[in-house]
Amino acid sequence: MRPPYQELLEVCILPLVDRVSVFDFFTGMGKTLFDKVWERHLINLEGHPAAPKPDENRHLIYIDLHLIHEVTSPQAFDGLRLSGRQVRRPERTFATMDHNVPTKDRDKPVKDPISARQMEYLKKNCEEFGITLYDLNSYNQGIVHVIGPELGLTLPGKTIVCGDSHTSTHGAFGALAFGIGTSEVEHVLATQCLVQARPKTMRVNFKGKLPKGVYAKDMVLALIGKIGTAGATGYVIEYAGEAIEALSMEGRMTICNMSIEAGARAGMVAPDEKTFAYIKDRPYSPRGAGWDKALAWWKTLKSDPDAKFDAEVEIDCSSLTPQVTWGTSPGMVAGIAEKIPELASAPDEVTRSSWQKALAYMDLAAGQKITDIKIDKVFIGSCTNSRIEDLREAAAYVRNRKKAPSVKTVIVVPGSHRVKEQAEAEGLDKIFIAAGFEWREPGCSMCLAMNDDVLEPGERCASTSNRNFEGRQGKGSRTYLVSPAMATLAAIYGHFVDAREEA
Amino acid sequence: MKPYEPVVSHIAPLDMANVDTDQIIPKNFLKRIERTGFGAFLFYDWRFKADGSENPDFSLNKPEHKNARILVTRDNFGCGSSREHAPWALLDYGFQVIIAPSFADIFYNNCFQNGILPITLDSMTVDSIFSMVKENPALQFTVDLENQQIKPAGKPAIPFEIAPNLKEKLLKGLDDIGWTLQFADRIEAYEKALEV
């Protein structure tokens, strides 16, 4: 249970005195950022006849913000109707359409009748249950993980869930945010809570400064390459260190976004002045006295110096290079100056056979140089890299050049209408269009290719998205995950080049 | 959800690590708004060739592995998307038990919401199950959740661990929402105390 002194402590006393010693005095040991957010959201079940036994690791946590979209929600609403249940707190759920929306010809009806039906269902369900929906024509529409932060719905210390694994993005603000299945979507709608086991904690310390031409995307790809796609399974990661502190909010979101690709339940970054500046005066962020009160609490949301993590990982950013995935799992990644590894260097038989299978699918050979990989198409977008800073990064590398003739199409898909508007105000759209890139309407687009933005079989795509799975961008598609800078350069040269040389 | 009953079946092997949810159910089949009917699309890009005919080389298409209700696979099964369509497709196809050295987090949770039993065993034990299946694809295994063991016919039983509450949930076919609603007064108290 949350002790009664906690509120007093956090809001009134802590801002005035040395936080660490006060926490130590009351609790006896340091807490992690995760511990602080988790404990604030535990529902007290003590003394209830149905309460779980103390050794069960089964907890009920309160969910502050629930985001839904058209693909993983219809069955949840059906479940509610079947059992005659209501939405407990409709004002805590926000809906948008992103996964299968078209990114061009928005003035015409949606061509795919099945996509149109899913969107229609979302609209109908939101109307029936009183949920705010930002639909295709709304100014607030965009990728769910882009609009949450830009609307000020995403705030430090909140618990945030969505039927989408990349919900971990919101952890960049010091929120505890994670993806859930459709049954859990229904559970949150009905109860505003979730049944959870307490995860373990891992701290990833990104020390040193990033070299020029190396970005947040390279940091997280390097991490996944190091610990593997199941390296953080069962953990919530806290990203810390000099390089994290130096990142913008957009960069932190890129890193938290891909936590799931390392297997983690969630990723978090302690909020700081950059976080507060980003949130201030957003449509849903607190105002006046509410802001001051919230800010006082947010400032306590950091791991205590003596907090213990269940695991620690360190990555030296000063020697980091631009990363490119060469296989069919985000862990199959190499630096731009490297070669595709030899099968003999695989640590075990299962890995060796998955490398072999991946190389056959990608039509690549062990020992091949990464810079020799030729590209057919380029996708700049997705909840990983479609924010204003990502688009600025991409545009900065264009420099009046055009896409290589061998590159068939380059699509740039902003994460939201607000991002699109900002980019257009800065003239970024003109830079892209002059280079022969296509400037599209916001949505998930070719990240998962549920709409018309699909690769042909065998095509190679430099993509700023998050997954390079077989068939992810279309049956037989070959995806290479990179930063916006690397994707832009691949568009211009027709093959991968080292962003450090162009930075 | 129906209570779990012991499964007796031969095992279908899927000898691959990191099988992701995009493979389990490709995204072009996610547009249904129901929970059922996804089995036809399970592992679609592996099961079927470009012309729509069955790929005879894919493990699940081999006659000796057809109609299995138990799947054995490798590390990090179910990684990727949170789509519950993945367990829906597995269940609809006929799988009720999945054995692997490790599972992706969200997928693992999703299994329990749908009456699928994911069993985590160490890599060596999983290896031994692959060997038994290779030696005799018809070998029948009984997966007894009550006693937490996998019993290959005529061979020693293999014990497995599972969290007691998840075990109870499957055995009784319990619904999480019903469980949580017992605490409605506590949830209300929380909302009042924190003014949320």
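First, the ground rules. This is a predicted model, in which local features need pLDDT of at least 70 and side-chain atom pairs count only at pLDDT 80 or more, while totals for chains, interfaces and linings use all residues. Residues are numbered from 1 along each chain as its sequence is written, chains are lettered from A and ligands numbered from 1 in the order in which they are written, and side-chain values use heavy atoms, with hydrogens and water left out.

I start with the interface. Chain A puts 68 residues into the contact and chain B puts in 54; contact means heavy atoms within 4.5 Å. The size of an interface is often given as the accessible area lost when the parts come together.

Next, salt bridges, meaning a side-chain nitrogen of Lys or Arg within 4 Å of a carboxyl oxygen of Asp or Glu. The whole structure has 48 of them over all chains, and 9 are found across the interface of chain A and chain B. A:Arg265 and B:Asp105 form a salt bridge, 2.7 Å from N to O. Another salt bridge joins A:Lys357 and A:Glu470 at 2.8 Å, N to O. That pair links distant parts of the chain, 113 residues apart: A:Lys357 is in helix 13 of chain A, and A:Glu470 is in the loop between strand 17 and strand 18 of chain A.

Now the helices. Helices (H or I, at least four residues) and strands (E, at least two) are DSSP runs, numbered from the N terminus. Axes are lines fitted to C-alpha atoms, for helices over the stretch in contact, and angles run from 0 to 180 degrees between N-to-C directions.

In chain B, the axes of helix 3 (residues 85-93) and helix 4 (residues 105-112) come within 9 Å and cross at roughly 50°. That makes helix 3 of chain B oblique to helix 4 of chain B; angles under 35 degrees count as roughly parallel, over 145 as roughly antiparallel, 65 to 115 as roughly perpendicular and the rest as oblique. The contact involves B:Ala86, B:Pro87 and B:Leu90 of helix 3 of chain B, and B:Phe107, B:Asn110 and B:Cys111 of helix 4 of chain B.

In chain A, helix 4 (residues 74-83) and helix 5 (residues 113-129) have axes that come within 10 Å and cross at roughly 40°. Helix 4 of chain A is therefore oblique to helix 5 of chain A. Among the residues of helix 4 of chain A in this contact are A:Pro74 and A:Phe77.

Last, helix 8 (residues 216-227) and helix 10 (residues 249-257) of chain A: their axes come within 8 Å and cross at roughly 20°. So helix 8 of chain A is roughly parallel to helix 10 of chain A. A:Ala216, A:Lys217, A:Met219 and A:Val220 of helix 8 of chain A meet A:Gly251, A:Thr254 and A:Ile255 of helix 10 of chain A.
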